[in-house]
Amino acid sequence: MPKLLQLADNYRWNLDGLEFAIAERIGDPENFIGRVEELEYLYQWTVNINKRISRGLAFLGRRKVGKSLILERLYNILYSEHKGLIPFYYEFTEGQRSGREFYIDLVIRFYMQVVGYYTHDITWIRAAVRRGKRIASIEELIEKIVPLSFENKKTVLSCLQGSLGILQQEQPLYEYVLAAVAAPDGFATTPGVEDKIVQLIDEFQYFNMYIDAGVEKKPCKAYMSTAESKVAPLLITGSLMGVVAQEIARYLPQRFQPMNVPKMKATETIAMTLNYGQLYGHTITPEIAEYITYITNGIPGRIVELLSPAVAKPTITSFDEVDVALDYEVREGAIKNDWFEYLVLAMDEVNDINMRRMTYFLCKNEGTLYYPSELKEAMGLDIDELKLRKELDLLYKYDIIEQHGGQYGGVFDRTLKKVLMVNYADLFNLPLAEFNAYFKNDSMLDYLKERAELLNLSLAVI
Ligand SMILES: Nc1ncnc2c1ncn2[C@@H]1O[C@H](COP(=O)(O)OP(=O)(O)OP(=O)(O)O)[C@@H](O)[C@H]1O
Ligand SMILES: [Mg+2]
């Protein structure tokens with residue numbers, strides 16, 4: 001089987017030979033554009049699993065940057081290649097559940113994907129990764145497996161019988177969490193099993209938030225030993241980048257190599273914007289695409305949200321129509337709702353006037369990084385330095401500000417900034433006009449608009 005990660009023209013991918021075991025969230029797989037370096041890197045990481053030299057990876061990227069989609073495509077490539085590397089996708093979800101329920105859920109979803117891999121039947125996988133679609137109990141799973149015939153069936157069945165045994169023992173909740181995270185490695189290290197597992201774990205931040213592990217308040221610690229597995233290594237990712245980064249540094253030291261998921265490259269983003277523009281019936285020139293790339297910081301999810309239709313949004317043919325669509329989005333559209341869902345978590349904690357002022361100050365001075373003492377001086381804050389550090393860390397944890405080597409700066413994300421400005425002006429205790437003036441004065445925006453106008457003029461002359 002040849003390598004199935006093959007670039008086609010214009011940052012698109014060659015889909016020949018790919019089977020979509022997971023239905024990618026993009027809808028039509030043809031629309032997946034770019035992410036060339038990231039996919040090449042991750043693909044190579046999976047190749048190294050066969051040499052047993054890959055370490056756990058933490059794929060850290062801000063909201064809507066395209067993390068889950070990359071995991072899904074990687075899954076489909078590995079599934080289609082069938083090279084002895086079984087992909088296992090698991091998404092932690094919102095909502096409280098006990099360690100025991102987590103154990104049952106993970107074991108069932110894992111073995112459904114193993115069976116799907118060995119039987120080449122993607123219906124198992126589709127059901128395994130969807131909420132509410134998985135087989136309900138381990139007993140039922142065993143029943144469904146018994147009549148089948150596939151490689152390592154005996155091992156699968158005996159592991160599942162083992163799980164039933166564990167469930168009968170009524171153990172403390174954390175023991176179930178430990179058993180759950182050890183399951184993939186346990187299968188791959190069973191004598192006779194030659195295949196390896198690649199674990200793709202999404203929304204990792206919900207692990208500590210929602211799994212009740214009894215006495216152990218930080219259940220993610222359970223990965224301490226299994227994260228070192230060379231036959232079932234982990235690739236984890238999550239939306240609350242600050243939270244995931246902090247938790248793995250604190251509770252899983254040395255277990256994951258952090259890898260930042262960058263925003264998309266400008267060339268890739270422009271190709272993607274032109275493609276979505278066409279799909280949604282807009283008339284987007286390369287200049288407008290460049291402008292959209294700029295205001296969305298090249299975050300693919302924001303581009304999709306900006307371009308997707310709503311009754312109050314115009315069909316885009318000019319820069320001004322982009323502005324109208326953006327304005328709608330940050331006031332009442334998907335961009336606002338998505339950021340709100342996220343900001344609510346932080347805003348509950350960030351109720352201190354100093355913290356709001358700091359957010360605004362750093363936002364306004366985006367590009368300049370400050371050590372806490374410098375910030376204290378620059379803002380004339382009357383605050384204890386230890387408290388200041390704690391507050392800055394909290395803002396960073398929720399991705400409201402950035403942190404680099406002990407210095408802090410404003411968010412790089414323009415749609416977040418705009419949502420903050422439009423919706424939280426009163427909270428920040430600052431007049432809306434001042435926020436708007438800041439956003440509008442962004443020199444790059446003026447530059448791009450000017451360029452486009454010049455271009456229009458020159459076209460008019462021709
Ligand atoms: N390379 C790409 N080409 C085309 N569309 C993309 C690309 N990357 C992401 N998208 C689209 O952007 C949206 C967001 O992507 P995705 O859900 O993977 O991001 P995420 O980083 O996992 O977000 P979250 O932080 O909410 O988990 C999806 O609708 C996806 O289809
Ligand atoms: Mg995601």
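Student: How many helices and strands does the protein chain have?
Tutor: This is a predicted model, where local features need pLDDT of at least 70, side-chain atom pairs count only at pLDDT 80 or more, and totals for chains, interfaces and linings use all residues. Residues are numbered from 1 along each chain as its sequence is written, while chains are lettered from A and ligands numbered from 1 in the order in which they are written. Helices (H or I, at least four residues) and strands (E, at least two) are DSSP runs, numbered from the N terminus. On that basis, the protein chain has 21 helices and 9 strands.

Student: What share of the protein chain is buried?
Tutor: A residue is buried if 20 or more other C-beta atoms lie within 10 Å of its own, exposed if 12 or fewer, and partly exposed in between, with C-beta atoms placed from the backbone. Of the 462 residues in the protein chain, the buried ones make up 42%.

Student: Is tyrosine 328 buried or partly exposed, and why?
Tutor: Tyrosine 328 sits in helix α14 (residues 319-332). Because it has 19 other C-beta atoms within 10 Å, tyrosine 328 counts as partly exposed.

Student: Which residues does tyrosine 75 contact, leaving aside its neighbours within four places in sequence?
Tutor: Two residues are in contact if their C-beta atoms, placed from the backbone, lie within 7 Å. Tyr75 is among the residues with the most contacts inside the largest nonpolar core, which has 71 residues. Such a core is a set of buried Ala, Val, Leu, Ile, Met, Phe, Trp, Tyr and Cys residues joined through C-beta atoms within 7 Å. With those neighbours set aside, the contacts of tyrosine 75 are Ala21, Ile22, Pro87, Tyr89 and Leu200.

Student: Which helix gives the largest share of this core?
Tutor: The helix in question spans residues 99-119 and supplies 11 residues of the core. That's helix α3.

Student: Which residues are closest to ligand 1?
Tutor: A residue is near a molecule if its C-beta atom, placed from the backbone, lies within 6 Å of it. There are 20 residues around ligand 1, and α2 (67-81) and α13 (300-307) each give two or more to this shell. The closest are Gly66, Ser68, Leu69, Ser239 and Gly301.
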